[in-house]
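Subject: Structure for you to look through

Hello,

Here is the structure I promised you. Please open it beside this email and follow along.

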Amino acid sequence: MTDTQIPVTTRKDWTSDQEVRWCPGCGDYSILAALQMLMPDLGVRRENTVFVSGIGCAARLPYYMNTYGMHSIHGRAPAIATGLAVSRPDLDVWVITGDGDSLSIGGNHLIHALRRNVKITILLFNNQIYGLTKGQYSPTSEQGKVTKSTPFGSLDTPFNPVSLALGAEASFVARTHDMDRKHMQEMFRRAHDHNGAAFVEIYQNCNVFNDGAFEKITSKDARADNLIPLVHGEPIRFGAELEHGVVMEPDGRLRIAEVADVGEDALLVHDERRDEPGLAFQLSRLARGPYEPTPIGIFRAVERPEYGAAMTKQLLEANERRGPGDLTSLLASGGTWTVEA
Amino acid sequence: MSTATRHQTTELDRVVIRFAGDSGDGMQLTGTQFTSVSSMFGNDTATLPDFPAEIRAPAGTLAGVSAFQVHISDHDILTPGDQPSVLVAMNPAALKTNVGAVAPGGTVIVNVDAFDERAFEKANYTSNPLTDGSLVGYKVYEVPMTSLTMEVAKAAGVKPRDAERSKNFFALGLVSWLYSRPVDGTLGWIEKRFASTPLVLDANTRAFKAGYNFGETAELFEVNYQVRPAALEPGVYTNITGNTALAWGLIAAAHQANLPLFLGSYPITPASDILHELSKHKHFGVRTVQAEDEIAGVGAAIGAAFGGSLGVTTTSGPGADLKSESVGMAVSLELPLLVINIQRGGPSTGLPTKTEQSDLLHAMYSRHGEAPVPIVAPMTPSHCFEVAIEAARIAVKYRTPVIVLSDGYLANGAEPWRLPDPATLPDLRVEFATETNHTEEDGTPAFWPYVRDEETLARPWAVPGTPGLEHRIGALEKEDGSGNVSYDPVNHERMVHLRAAKVAGIAKDIALLEVDDLGGIGAAPVLVLGWGSTFGAIAAGVRRVRARGLSVAHAHLVHLNPFPSNLGEVLGAYDKVLVPEANLGQLAKMVRADFLVDARTLSKVQGVPFRAAEIEEVVLEMLGATSGTTIDEEDVAS
Ligand code: SF4
């Protein structure tokens, strides 16, 4: 199929006939739109594209894509996608998940998919709440959160999804948010093109159960001073006049400084291809939560052997060494004897 | 090696030998090789390995004893033997845990070097069992295996500590002499197996020969024995364990279905050997993923099945628990999937290395909702091959998960297997959907994933990569036909019935239950109904009953869900039905519920298979006979 031309498509071709059933005003709509609009530009075929999801509001997304798809069970999408991607390297496999789905019940599958570096593109819709079960706190909810299940405030320390992915040996880690279509599309495109497991955290507003969770950093007038764009090869700076920047202290800590005070040359230059993940991890911890200046963009994009391709290679090598499998010789491989008539 | 013998050689029709020692003593290896050489010699064989769950329990303790029982005979046999006639005990702990099983008057060969005060203490012996009279009634041979081995192995140049480790080869040599086994096969095997460590190879060879020659020259043994080859059906044979047969059956099934084989699995005793075996056969295109957990193992297999592979997951009880939700999803997705459960003692972690058949009701009912799954169970180690193929046939034809219930006894037990001709294996090829199958109201062609085949009720298998058939499936209830999410109550009821009817309908497509009743179905007063690994013990027990001139029938289920369509008729033909099971009566419960038959349970949950005599005893009681009537034990094969 590689020799024939990829047909020209539009958003409509990628949109299924199913009525979208998220709450009006939900951030999921803009993520879906960004994705449907991006697909025609990715140079892929609909029939070779599969969206796999688990359970949660985000997990409904595959129904709305006119591709192959599976809406599976809670937390298991990365495992299912692993089996599919490993056995069908010709496919483009996406995982659509949420903070409860892949950081709580499916946490194990997420970290191992990242560690293995299977070629799947994981989009994590982080709304810091359980939406589908009507408003309990999630593993990314801020400590002290008052919800139906935590009337006196939640006690748990939240996960930082980007830190978690980096700690799980992810080769591609990015963050974006539902208020910026262009940025989302850029992150999705880069994640899709990455040869390995790609992880994108999307700050997504749940206007019903956790409205405004990211407002302090993503609202139009807050963005300039609170979103720190990471651009490969560029000094890390932000603000309407690019007047703020990130510097490294002599003791190795990162700090936000005024460019006027420290000078341009003191700014940290972002390197997404740095093999050693420590600096990316530090950047992921720059903000304590989505209420103070927070880096968005690609934290890490490094090349590592892709699991499915490595397995295919083993299969081909075995085939070369031993020839194609033959049942007769398999059955005789344990040593035989003959009973004569 | 000398072949001239001053000993008299006595012919035996069969013998049961148990090798027992510390888990570090290599008893499994010794037993396996003795079996293999006996099979190659032409005997019929059956084995029962028995090892501890701990990898290396403290040396010399009762918990660390590992044993291997093998039954060899000059005629066809069905079980590893009720009672060993010979016990080889490498230390006091091995003696203590195994001597009780030995037949009265049996032979006990001990490694006398290992019998000292410290070893008695570890084995909880308060006095020396060799001298305190506790072995009266057995023929006891005291052989200084360790010191004789050390002597010859040191000559090979290995360190004293390593020299001692060859003593199981001494034992193997001695028993090989005692039963007139050919030696070339074992010598060749030692050479191959230890090729990379020449010193060890040399030491083991010398120890083996020393053991053989000891029997020949030491004048300790008055006689040795010969068990002639059995008159087995002509053909090419191999010795095979259940797990290997299962792995090969999966490869064969994928080959016959022309589908790539994909295994998602998490290591667990006693199923891991299937993962190991399949991982070796990459040249067959077999992909194996050692998953992060049991759930991921089955999840990956479901993902691969969606993509057009024969998806398989292997596990044992605790893992089967964890997979239940995903298997339920596969029921709803209606994708082919094989779930292999090598049952072990439960509940919970239970007895990881011991056998049990206690997951039948789990396989039937462990999923929430109405989620029927076909179940098949192999009867013997080699039968695992055929059952793997049958499970795959049902899975791909009906687009359903299928559970295979093997168990620890079948998994590790071995028997000679007459190799099938691959050309005779069934054709399992499936056709993926390539065309749309529905027309929308406006006339546009569409693909509906839940349109069913009228005969099988299976839905189309349309794999990603097929243009024009893009569709979404999911674990939510879906509309009949279109597959769109549907919460409609009437539709839900229809779907529940359709899924149930699909699985129930498989009964039309499986073999009728065969009944072994010499006078024809219904002739005998008692039917013994079994499933799975009890086959050998039941068949042997039935032989023993018949040897008394009494009549009894035996039927053995391979398909547990759905049942063969004539099961009700068969059950109705008998006044009394006995169901022996390594559980508290799970199959009995199922047949009682389905057929209102007064089935009697014979239960055994000791982690070991039934003995033929145990079946015999209960059948005799049901026949109104007593086991007091004597039969010549030796004349009855078990
Ligand atoms: S509950 Fe929240 S996340 Fe879910 S659809 Fe509604 S707004 Fe969106």
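Below are the main findings, part by part.

**Ground rules**

This is a predicted model: local features need pLDDT of at least 70, side-chain atom pairs count only at pLDDT 80 or more, and totals for chains, interfaces and linings use all residues. Residues are numbered from 1 along each chain as its sequence is written, while chains are lettered from A and ligands numbered from 1 in the order in which they are written.

**Confidence**

The model has an ipTM of 0.97 and a pTM of 0.94. For chain B, the average pLDDT is 94, and 97% of the residues score at least 70. (pLDDT is the predictor's confidence in each residue, from 0 to 100.) Where pLDDT is low, the predicted coordinates should not be read in detail.

**Chain A overall**

Chain A has twelve helices and 14 strands. Both are DSSP runs, numbered from the N terminus: helices are H or I with at least four residues, strands are E with at least two. The C-alpha atoms of chain A fill a box of roughly 95 × 50 × 50 Å along the principal axes. Of the 341 residues in chain A, 47% are buried. A residue is buried if 20 or more other C-beta atoms lie within 10 Å of its own, exposed if 12 or fewer, and partly exposed in between; the C-beta atoms are placed from the backbone. Take the contacts in chain A between residues at least 6 apart in sequence: 67% join residues at least 24 apart. (Two residues are in contact if their C-beta atoms, placed from the backbone, lie within 7 Å.)

**An enclosed strand in chain A**

Look at β4(A), residues 120-126. Seven of its seven residues are buried, so β4(A) is largely enclosed by the rest of the structure. In a regular strand the side chains alternate between the two faces of the sheet. Here A:I120, A:I122, A:L124 and A:N126 point one way, and A:T121, A:L123 and A:F125 point the other way.

β4(A) pairs with β3(A), residues 92-98, in the parallel sense over six bridges. (Two strands pair if DSSP finds at least two bridges between them.) A:V93 stands opposite A:I120 there. Six bridges also join β4(A) to β8(A), and these strands run parallel. A:F125 has A:I202 in β8(A) as its bridge partner.

**A:N205**

A:N205 sits in the loop between β8 (198-203) and α7 (215-218) of chain A. Is A:N205 buried or exposed? It counts as buried, because it has 22 C-beta neighbours inside 10 Å. Leaving out residues up to four places away in sequence, A:N205 touches A:G27, A:N127, A:D178, A:D211, A:A213 and A:F214. A:N127 is 78 residues away along the chain, yet the two C-alpha atoms are separated by 5.5 Å.

**The ligand**

A:N127 is also one of the residues around the ligand. Others there include A:W22, A:C23, A:C26, A:D28 and A:C57. A residue counts as near the ligand if its C-beta atom, placed from the backbone, lies within 6 Å of it. The shell has seven nonpolar, three polar and one charged residues. (Ala, Val, Leu, Ile, Met, Phe, Trp, Tyr, Cys and Pro count as nonpolar, Asp, Glu, Lys and Arg as charged, and the others, Gly among them, as polar.)

**Where the chains meet**

How many residues of chain B are in contact with chain A? The count is 59, and they meet 52 residues of chain A. α11(B) gives the largest share of the chain B side, nine residues. That side divides into 30 nonpolar, 21 polar and eight charged residues. A strand pair also crosses between the chains: three bridges join β14(A), residues 337-339, to β9(B), and the two run antiparallel. A:W337 stands opposite B:Y237 in β9(B).

**Inside chain B**

Chain B is divided into domain 1 (8-227), domain 2 (238-424), domain 3 (431-491) and domain 4 (515-635). These bounds come from an automatic or database domain assignment. The centres of domains 2 and 4 of chain B, taken over C-alpha atoms, are 27 Å apart. Their contact takes 24 residues from domain 2 and 20 residues from domain 4.

Chain B also holds an open sheet of five strands, with the order β20-β22-β21-β24-β25 and mixed pairing. Its edge strands are β20 (515-516) and β25 (599-603), each pairing on one side only. Two bridges join β20(B) to β22(B), residues 553-557, and they run antiparallel. B:D516 stands opposite B:H554 in β22(B).

Best wishes
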